[in-house]
Amino acid sequence: MKIETPIIGGPSASGIDEPAVRIEELTFTYAGGREPALRGINASQRVGEMIGVMGASGAGKSTLAKVLNRIIPELEGGEFAGVVMLGGRSIAQAQVRDLAGEVGMVFQDFESQLFSTTVAHEVAFAMERVGMPREEILARLAPALDAVGLRGFEERDPTTLSGGQKQRLAIASVLALRPRVVVLDEPTTDLDPQGRAEVFALIRQLRQEGISLIVIEHEAEELRQCDRIIILRDGAIVAEGTPAMVMPQVELLEECGVNAPSLDRVARMLGIARHPGSVADAEEHIRKMLPRTPPSDAVSGREVGALVESKPILEIEAVRFGYPEGPRVLDDISLTIRAGEFVAIVGQNGSGKTTLAKMAVGLLAPDSGQVLLEGRDRTKLRPAETAREIGYVFQNPDHQIFADTVEAEVKFGPRNFGLDDREVESRCAEVLAAVALENERATDPFLLGKGQRQRLAVASVLALRPRLLILDEPTTGLDYREQRKMMKLVSELNAAGVAIVMITHTPCLVAEYARRVILLRAGRKLFDGRVREFFIQDELLRTSSFKPPEVTSLGRRFGTVALSAAELVEYLQGRAR
Amino acid sequence: MKTSLYIDNHSVVHHLHPTLKIFALFAAFWSIYWIDNPLTLVPFIAAEFVVAYAIGAGPNVYRFRWFFVLIVLPTMITWMISYRKGTPIINLPIIHASKQSILFGLGKGMKVAALVLASVLFLSSTKVEELSVGLSRLGFPYRFGFTITLAFRLVPLFIDSALTVVDAQRLRGYDFDAGGPFERVRRYVPVIIPVFMGALRKANNMAMALEARGFGRGNDPTSFIEYRMHTRDAEAFVLLLAVGTVAFMLYWTGYGSIPGASIHS
């Protein structure tokens, strides 16, 4: 039974031996934009090929994705020139909705792409919209759910699924239409490690099944499995080739705002010309080059940055908490945060990280146990009363930004505390300089980039001069360059004496910046100790789906617990002498 | 967080045709509309509780307990003190209380409660997709039905977002409770702007995702669930017609009103 006729025109073609996608001389400038978002793009994708697209925020990655199903220029207008062909036929005359069966698009924000009350309805949604007969929908439903591992979830409310399950559901709902190509636009940005692992496992599986895939990602390590990598900078392709050709170009990747794989960094620093495809591969290259390196069964690690033993700021003692009519979210948690510490809190979504942070700042009160702030019972103070002691930066900066200008946004907090104008101005100047936004004082915050908005959110909390700053996933959605800027800022604050508690899902940030790690699972504290000790807890890491940075795993094979590429190289070179 | 009220059960009400469920909601509203007398309302509200028990909507009714109190009590009190008919028990320039005004206020409060309860029962037993199908069968344009279903999905998300924004501003020392009533409303600007901007962004993302899944491609989408009328639907239809007729007859004969206190008099 023929289900649908794609409304795509151009030269007639059978589709056999034609590329899945072909783009010729594509240039696009957003309406009101000064510079083109895409410039002279020429690219094609073979049927069954997996292409990874990388670049900094604003490089044109999402714009390129949206061109493939005509969201650009249909829904987001501008000056468009060039040709886009699917299966050998131009899509110039097609509308977005007509291409639903040709291009399956999965977006970063999974909340915005789920519309139904059950998983089955969600998968059927697109098929119903294109007018597919009921029998055909039923026939496709089970295979699509099977493909993403959600068989048996048919009657579940999508809002009750985990982030990874939601994103897999979104993928199932586009797979059900059996599109020519599936485009995944940063599909794991908002996911925890478990969710990321689930989605990338699914992507690997889809690749093996021969589905044409285009994956946009910030993290280069995840794109090693691609057939081809495309690097975009300022709307143009600056590098293209197999991962083995592109990944070793560490400098170029960094110039383009892409985090080069840490294994390639190590190889580069050691003068190894080849691209390591895995940790085992990297070990082999290194052993060939540095034969005197120690055997792989030893585990040692120099402990640097010993845990701080200063005065406690926050003490949480035997705290239990559960939301009304819900399960227990925190179960007998005790911990102390001391002045000047840098602590990372890790764990799956739902493990209690954010609840714990909200308890620390007084947004929630424990069912039992106590929270002490500099020795005083926290529950007897209002949140506003402790804002000057503990600052809390929410994951999404847009949850607090409302003012007309950057300056007004920063001054909002100090003014709420009734500080005089001179003091308010002094603090504003100080924190704007700290977050490198001093030249944006009069700018409308909504015109800033995501990274700048995140730094503004930090600045507006810093203006209250807290002694402890809690940051809830401060780098989510930021590209490599912005991540580095944010973490440089956080490090400088810590060096200036502000205690930092950072909730994060990113292993390399834990490795490079934190000095202490707290791991939560199902509301219980499973680990609290030094970073290096944490990264040798193999069983704990595995069961928590928290993958150590590759450079740490590589270091373990040489008997050390390295937390960065530079540290590992220094260690290896020292041992090889 | 579960954002819909739907309770996944297999009661007779759950299995009714979506169009019939919409008719049932209309019949409930119709019946309650005609009756002012608290005593006459009692069997109708009792029937709603029986339905709530049958469909397993107890948790939702419990969830709305404060809503009932917040809506019903002010309605009752407002009508009790402002309805000026009957022999006064208390007669002050603003406050007037008589047997009729007390009964009238009580009746109004019970009516509002009964209407809210009917809506809760409807949403507890009807998926938003069914609502969309039901409205389509009643002749409403497909897009209209879908817009309503989307609203049901979005409202809880926006409420969630608003609560987060309130927390974020409070942590910057902002006091939402300062000043008089008008000042308090004005003080919610730092909440409204982020929620509104977030809603715009979400709406934009959602529009793209919808179009990318073929939304709007033809006005007659198919449905993978087959909705057929059964004997139970015919029986329910007759029962609802009877209830609606009885309610209207109660009004017509005066049993539905409070003697000497009807606003129609």
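Modeller: Chain B has 10 helices and two strands. This is a predicted model: local features need pLDDT of at least 70, side-chain atom pairs count only at pLDDT 80 or more, and totals for chains, interfaces and linings use all residues. Residues are numbered from 1 along each chain as its sequence is written, while chains are lettered from A and ligands numbered from 1 in the order in which they are written.

Colleague: What makes a stretch a helix or a strand?

Modeller: Both are DSSP runs, numbered from the N terminus: helices are H or I with at least four residues, strands are E with at least two. Along the sequence, chain B reads α-α-α-α-β-β-α-α-α-α-α-α.

Colleague: How many residues of chain B count as buried, as a percentage?

Modeller: The figure is 37% of the 265 residues of chain B. A residue is buried if 20 or more other C-beta atoms, placed from the backbone, lie within 10 Å of its own; 12 or fewer makes it exposed, and in between it is partly exposed.

Colleague: Why are α2(B) and α5(B) called roughly parallel?

Modeller: Two packed helices are described by the angle between their axes and the distance between the axes. Helix α2 (residues 38-55) and helix α5 (residues 99-125) of chain B pack at about 20 degrees, with axes 10 Å apart. Angles under 35 degrees count as roughly parallel, over 145 as roughly antiparallel, 65 to 115 as roughly perpendicular and the rest as oblique. So α2(B) is roughly parallel to α5(B).

Colleague: Which residues make the contact of α2(B) with α5(B)?

Modeller: Among them are B:Leu41, B:Phe44 and B:Ile45 of α2(B), and B:Leu103, B:Leu106 and B:Met110 of α5(B). Contact means C-beta atoms, placed from the backbone, within 7 Å. By class, this contact has 14 nonpolar, three polar and two charged residues.

Colleague: What makes a residue nonpolar, polar or charged?

Modeller: Ala, Val, Leu, Ile, Met, Phe, Trp, Tyr, Cys and Pro count as nonpolar, Asp, Glu, Lys and Arg as charged, and the others, Gly among them, as polar.

Colleague: How many residues of chain A are in contact with chain B?

Modeller: In chain A, 54 residues are in contact with 48 residues of chain B. On the chain A side, α3(A) gives the most, with six residues. That side divides into 29 nonpolar, 15 polar and 10 charged residues.

Methods. Two residues are in contact if their C-beta atoms, placed from the backbone, lie within 7 Å. Axes are lines fitted to C-alpha atoms, for helices over the stretch in contact, and angles run from 0 to 180 degrees between N-to-C directions.
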